[in-house]
Amino acid sequence: MNRPLRLLPLLAPLLLLAGCDGAGVQSVLDPAGPQADRIDIVWRLMLWVCGAFYLMVLGFLAVAVLRHRRRRRAEGEPPEPHPGREGGLRAALAGWVGLIALGLLTLIAASYVVDRRLAHASGKQGLNVQVTAHQWWWEVEYLDEDPSKRFKTANELRLPAGVPVRIELRSSDVIHSFWVPNLHGKLDLIPGRANEIHLIPERTGRFRGQCAEFCGLQHAHMAFDVTVEERGAFEAWRAHQVTTAAEPATELARKGREHFETSHCAMCHAIRGTKAAGSVAPDLTHLAGRATIAAGALPNTRGNLAAWIADPQGIKPGSRMPFIGLEPDELDALTAYLETLR
Ligand code: CUA
């Protein structure tokens, strides 16, 4: 390998950082609200300060190597006398230490100021949501003083643009870390404790949230959808969510509902407006309106629903969804019914 190519790995970290700038549904570098914006500023400051020091260290290293070579080539010659060398070295060392201290102080000050600002972001609030951690899914409840306006969904968050949101984070049986990098930093959901995160989504769009703390077998399948939309669209969605499930229109779907209400399904899941009122698994009242199933493990299609019901442990080993052993016609009726739950 020739010499310039051998130096390439040294520059890899900078090339990597230069390449990951830009838009993304799950990116710290594409903030969609003021909280994520502040975190982004600290991130960039750290990149530039640490990047500058990294390049300076590489520069000094290169100078030392070149000098050493030159000296080796001129071996035999008496060393040149350097009368002022000691003093110059001492001054350079002091300058370098000062520079490092300045860099570190800048980073400490910036992260302290941003941390304080984020901690005091509470105050005026428009929307109250409670997110509860489970093994392995996210329960989402939209709170309201009027109980008839409360409803539950799973693995999805819809938020109105420009409205401050307070999200209460709780857990039933596991420690997850709630993280929507486009909107805010990470915060843990811990059993027996309520945490709060305050954010203001300012830009409409679809973002991806993900558990950011290893929580066992299905840590990787702990995603959720975040949709930020205009206030009118959000209110329409909310008004639809509080309604009970649609009546099945076909004979097949009716059979599916009957099966749901009289089998294992109803012991864990709820579908408002039916006899199914279980509370340990996701509320399925408007399941068909969600983009994914099993906490982002699969896109929400009828085929995937059937695969998930037929073999949950094959798709998400360790999840609490049990194998229930349905006949093919029962599975067909069940998925036909679940598809009507818009
Ligand atoms: Cu929850 Cu990782």
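A strand is a DSSP run of E with at least two residues. The legends below describe a predicted model.

**View 1. Ser 171 in strand β5.** Strand β5 covers residues 165–171, and Ser 171 belongs to it. Is Ser 171 buried or exposed? Its relative accessibility is 12%, so Ser 171 counts as buried, because buried means under 20%.

**View 2. The surroundings of Ser 171.** A polar atom of the Ser 171 side chain lies 2.3 Å from the backbone oxygen of Val 174.

**View 3. Helix α5 and its cover.** Helix α5 runs over residues 251–262, 12 residues in total. From first C-alpha to last, α5 reaches 17 Å. That is close to the 16 Å expected at 1.5 Å a residue. Buried residues in α5 are Ala 253, Gly 256, Arg 257, His 259, Phe 260 and Glu 261. The cover over these buried residues includes α6 (265–268) and α9 (328–338).

**View 4. The largest pocket.** The volume of the largest pocket is about 640 Å³. How many residues line the largest pocket? The lining has 34 residues. Nearest the pocket's centre lie His 269, Ala 281, Pro 282, Trp 308 and Met 321.

**View 5. The lining of the largest pocket.** At least two lining residues come from each of α6, β11 (292–293), α7 (302–310) and α9. By class, 23 lining residues are nonpolar, seven are polar and four are charged.

Notes:
Residues numbered from 1 in each chain as written. Predicted model: local features only at pLDDT ≥ 70, side-chain atom pairs only at ≥ 80, totals over all residues. Heavy atoms only, no water. Helix = DSSP H or I, 4+ residues; strand = E, 2+ residues; numbered from the N terminus. Buried < 20%, exposed > 50% of the residue type's maximum accessible area, 1.4 Å probe, protein only. Polar contact = N/O pair within 3.5 Å; in protein donor to acceptor, adjacent residues only side chain to side chain. Expected span 1.5 Å × (residues − 1). Contact = heavy atoms within 4.5 Å. 1 Å grid on protein atoms, 1.4 Å probe; cavity = no way out; pocket = protein on both sides within 12 Å on 5 of 7 lines; lining within 4 Å. Points joined across faces, edges and corners; volume = space filled by probe spheres on them. Nonpolar A, V, L, I, M, F, W, Y, C, P; charged D, E, K, R; others polar.
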